Amino acid sequence: SFMQITIHRGIDQIGGCITEIRTARSKILIDLGHNLPKGNGPSEDRFDNAGAIARLCEGCDVVFYTHYHGDHVDLFRHVPERVNQYIGPLAKAVMRIRLEHLTHVPGEKERGEADLTAFERFKTYEPARCIRVGKDIRITPYFVSHSAADAYMFLIEADGKRILHTGDFRQHGYLGKGLLPTLEKYIAPQGIDVLITEGTMLDRNEKKIVHENDLQRQAVELMKRNKNVFVLCSSTDMDRLATFHQANREMRNRPFVCDGYQQRILESFAGHAGVKSPLFKFDHKVYGSDERNEKLRKWMLDTGFTMLLRTGPKYRRWADSLLPELNPDETLLIYSMFRGYILPTHEAYNPDLAAFVARFPHFEYVHTSGHATTDTLAAVCRTIPPRTAIIPIHRDKGSDFASLNIGDELRSKIVTASQTIDGIDFLVK
């Protein structure tokens, strides 16, 4: 018998995750993420070419993606045609909208069309339905709450071993309360040998973590005090979009305005998740921002509005044409993204974004992380204590998983360097 777990990337960085699990007869990859950008420019990435991904995919049966964020999925375009690629059903719909949108971006048409062609080969998995891979690997996805809709962790069963790869997850999203019950029901009874888990928050000492419900209350208060509310948040964060859409609902007669791209994404969310929860129906006064729609503009100026922004040139024109007509004392930008992007001292600082934010008369930060708090990470370890190893990935270089409140026995099982334990080869690149 033979099992090997290789962390190609992610042991000492957030984003760009690539994990390989192989037996004597089969091999799978989990996530092929691109490095996160630094500031304005695109990030360097030695794997972002067909040759590197072809080498990674040698002997590989399937690539499984935990969710659609670029730092987990963006290298899909280089995967050879013979290799199957799987993602969740709603995640696939969102990726398609994003890729179709890129074909209309100036200068991106050819690349966008090539990406779409590669993407159309994607297959989808269903929660809690096992997929057999190659001769001897079984993989079962389980839903987790994250700042991407339709995110999953994977239980991998092979060579008599059970491995849980958490992907990115959290407890403080609208659907996060299912995390520990899912682990207790599906994972704990038989236990696991290896836990591969994200550790994004290990170094970000958040004092008190804010639940998505609390953000909604904050947003309502801000909307009561400000007639004209612009919102800058991720276009594909279903929880956050629901937060602002629900808050705007409390304002009775204000339109919720977004562009055609975001409208398509909201429709996709509503079609998949809105069926299960009214929170994600997105059916209250949602309008496409069309500069030619005078009736909508007049309504916005009369009653106020909530308007989702994106940072492209079209939006700058929109903001520039609207702002002079708005009373600065009643006009607010809610910034709902990672704070590092607009902090000049942070390595993720993006001067273009910071300049865009600075155009608005007032600014409020309303945000919570898409990632598990240190308490949640510890609770997961205690709920399903692995028999052999804990491998922390998706974490900052200096961060220490042993700082969690997990007890000495679990601390002794943390693996961050290559070694062999209990017949499993761990390779850390």
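Reply: Helix 9 covers residues 294-303. Its buried residues are Leu 296, Arg 297, Trp 299 and Met 300. Buried means under 20% relative accessible area, exposed over 50%, and partly exposed in between, with a 1.4 Å probe and protein chains only. Helices (H or I, at least four residues) and strands (E, at least two) are DSSP runs, numbered from the N terminus. An α-helix has 3.6 residues a turn, so residues three or four places apart point the same way.

This is a predicted model, in which local features need pLDDT of at least 70, side-chain atom pairs count only at pLDDT 80 or more, and totals for chains, interfaces and linings use all residues. Residues are numbered from 1 along each chain as its sequence is written, and side-chain values use heavy atoms, with hydrogens and water left out.

Now the other face of helix 9. Turned away from the buried side, it carries the exposed residues Glu 294, Lys 295 and Lys 298. The N-terminal end is capped by Asn 293. One of its side-chain oxygens lies 3.3 Å from the backbone nitrogen of Lys 295. After helix 9 comes Gly 304, with a positive phi near 90°.

What do the buried residues of helix 9 pack against? Their partners are strand 12 (228-233), strand 13 (256-258), strand 14 (286-288), strand 15 (305-309) and helix 10 (313-322). Contact here means heavy atoms within 4.5 Å.

Helix 10 has its own buried side. Tyr 315, Trp 318, Ala 319 and Leu 322 are buried there. Their arc is only 95° around the axis, which puts them on the same side of helix 10. They pack against strand 12, strand 13, helix 8 (260-272), helix 9 and strand 15.

Next, the nonpolar cores. A core is a set of buried Ala, Val, Leu, Ile, Met, Phe, Trp, Tyr and Cys residues joined through side-chain atoms within 4.5 Å. The largest one holds 59 residues, and Leu 32, Tyr 65, Tyr 68 and Phe 269 touch the most other members. Helix 3 (residues 89-102) gives the largest share of this core, 6 residues. Another core of 30 residues lies apart from it, with Cys 17, Ile 30, Tyr 125 and Ala 389 among them. Phe 269 touches, among others, Tyr 68, Leu 90, Val 94 and Phe 282, not counting residues up to four places away in sequence.

An open sheet of 8 strands runs in the order 6-5-4-3-2-1-20-19, with mixed pairing. Two strands pair if DSSP finds at least two bridges between them. Strand 6 (123-124) and strand 19 (419-421) each have a single partner strand, so one side of each is left without a neighbour in the sheet. Strand 4 and strand 5 (residues 84-87) pair in the parallel sense over 3 bridges. Val 63 stands opposite Gln 85 in strand 5. Helix 3 packs on this sheet, touching strand 5 and strand 6, and its direction makes about 100° with that of strand 5. Axes are lines fitted to C-alpha atoms, for helices over the stretch in contact, and angles run from 0 to 180 degrees between N-to-C directions.

A second open sheet, of 6 strands, has the order 7-8-9-10-11-18, also with mixed pairing. Its edge strands are strand 7 (131-133) and strand 18 (389-393), each pairing on one side only. Neighbouring strands of this sheet are turned by 20° against each other on average, direction ignored. Strand 9 (residues 151-158) and strand 10 (residues 161-165) pair in the antiparallel sense over 5 bridges. In that pair, Glu 157 stands opposite Arg 162 in strand 10.

His 67 sits in the loop between strand 4 (62-64) and helix 2 (70-73). His 67 counts as buried because its relative accessibility is 0%. Its side chain makes a polar contact of 3.0 Å with that of Thr 66 and another of 3.4 Å with that of His 146. A polar contact is a pair of N or O atoms within 3.5 Å; within protein, one must be able to donate a hydrogen and the other to accept it, and residues adjacent in sequence count only if both atoms are side-chain atoms.

Terms used. The arc is that of the directions from the helix axis to the C-beta atoms.
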